[in-house]
Amino acid sequence: MRLIDSHSHLFLEEFAEDLPQVMERAREAGVTHIFMPNIDSTTIESMLRVCSAYKGYCFPMIGLHPTSVDAGYEKELEIVAEELSSPDKYVAIGEIGMDLYWDKTFRKEQELALDKQFRWALEYDLPVVIHCREAFDCIYKVLEPYRNTPLRGIFHSFTGTREEAARIMEFSDFLIGINGVVTFKKSALPEVLKNIPLERIVLETDSPYLTPVPNRGKRNESAYVKDTLIKVSEVYGELPEKVAQVTSENALKVFGMLK
């Protein structure tokens, strides 16, 4: 059974002490690809170091995370642009998006940064990986002008409503990333998922965050994508092997590794 972790930050300090063991547990769980979203200029080096050490297993993205957008965001975007100019270095532009949960101070700057990175995605023919927290309407407004373009990607860590899922599905080349949140006792995601075709879903961990039940409270890691798989399989009434196959193909397609 092949599993893909479409969103994992295994390059962060939380994994500095036992990364080889974390990778081994992922392989034992059936994980064949781990996709790593960048945060900002401070994480590029560590992310690329891990992806180089596990070449062909871990795949890097480049982008500016919305919580790193501040008054100096244009300098950060210049670094993203420079990285993008190296051909075939990255598999996606991410993690980008908007986050108005903690702070709305740089809302306009977040919108501008997102739009610029959407344009780069089209220029370089790369998918985008979108972070959305308390900002769905704002992101949708920035995304709307791209409706009739080849822009494609993933709304990562989706925790939205049935209506928001339906609006994402208006964009035929966008997928919805599901992680450990679906296993949480009070999560509304199982009900929302019943209205989303399996062909529009990818699985992820968002390691080291959002650890699924039964390991909630521990550091998350890529091997735990299997716990999310089990829950998603229950929701869809399908065998885990079938859900693993479909979601893995979805992920490989969006990242341009399966035509």
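1. D206 sits in the loop between β8 and α8. Helices and strands here are DSSP runs, numbered from the N terminus (helices are H or I, at least four residues; strands are E, at least two). D206 has a positive phi of about 60 degrees, although it is not a glycine. At 9% relative accessibility, D206 counts as buried. The classes are: buried, under 20% relative accessible area; exposed, over 50%; partly exposed, in between (1.4 Å probe, protein chains only).

2. A word on the model. It is predicted: local features need pLDDT of at least 70, side-chain atom pairs count only at pLDDT 80 or more, and totals for chains, interfaces and linings use all residues. Residues are numbered from 1 along each chain as its sequence is written, and side-chain values use heavy atoms, leaving out hydrogens and water.

3. The overall fold. The protein chain has 9 helices and 8 strands. Its radius of gyration is 17 Å, close to the 18 Å that the globule rule gives for 259 residues, so the chain is as compact as a globular protein of that length. That radius is taken over C-alpha atoms, and the rule is 2.2 Å times the number of residues to the power 0.38. The C-alpha atoms fill a box of roughly 45 × 40 × 35 Å along the principal axes. Of the 259 residues, 58% are buried.

4. Contacts along the chain. Contact means heavy atoms within 4.5 Å. Among contacts with a separation of 6 or more, 73% come from residues 24 or more positions apart.

5. Helix α2 covers residues 44–53, and I44, S46, M47, V50 and C51 are buried in it. Those buried residues pack against α1 (19–28), β2 (31–36), β3 (58–60) and α3 (73–84). R49 and E45 are also in α2, 4 residues apart, about one turn of the helix. Their side chains meet in a salt bridge (3.7 Å, N to O). The term means a side-chain nitrogen of Lys or Arg within 4 Å of a carboxyl oxygen of Asp or Glu. R49 and E45 are both exposed.

6. D40 is buried yet has no salt bridge; the nearest side chain of opposite charge, R49, is 13 Å away. For charge, Lys and Arg count as positive and Asp and Glu as negative; His and the chain ends are not counted. The side chains of D40 and T42 are joined by a polar contact of 2.5 Å. Such a contact is a pair of N or O atoms within 3.5 Å; within protein, one must be able to donate a hydrogen and the other to accept it, and residues adjacent in sequence count only if both atoms are side-chain atoms. Leaving aside neighbours within four places in sequence, D40 is in contact with G63, L64, S68 and E76.

7. E204 is a second case. It lies in the loop between β8 (201–203) and α8 (225–236). E204 is buried and has no salt bridge; R133, the nearest side chain of opposite charge, is 12 Å away. The E204 side chain reaches the backbone nitrogen of S157 at 3.2 Å. Beyond four places in sequence, the residues in contact with E204 include D5, H7, H156, N179 and T228.

8. Backbone points to check. Most residues other than glycine have a negative phi, and most peptide bonds are trans. The bond from G94 to E95 is cis, with omega near 10 degrees. E95 belongs to strand β4 (residues 93–99). The bond from V213 to P214 is also cis, with omega near 15 degrees. P214 is in the loop between β8 and α8.

9. D125 has a phi near 55 degrees, a positive value in a residue other than glycine. D125 is exposed, at 53% relative accessible area. R152 is buried, at 18%. The side chains of R152 and D125 meet in a salt bridge (3.0 Å, N to O). R152 lies in the loop between α5 (136–143) and β6 (153–155) and D125 in the loop between α4 and β5, so the pair ties together parts 27 residues apart in sequence.

10. How many salt bridges does the whole structure hold? A search finds 15. One of them joins R147 and E170, with the closest N and O atoms 2.9 Å apart.
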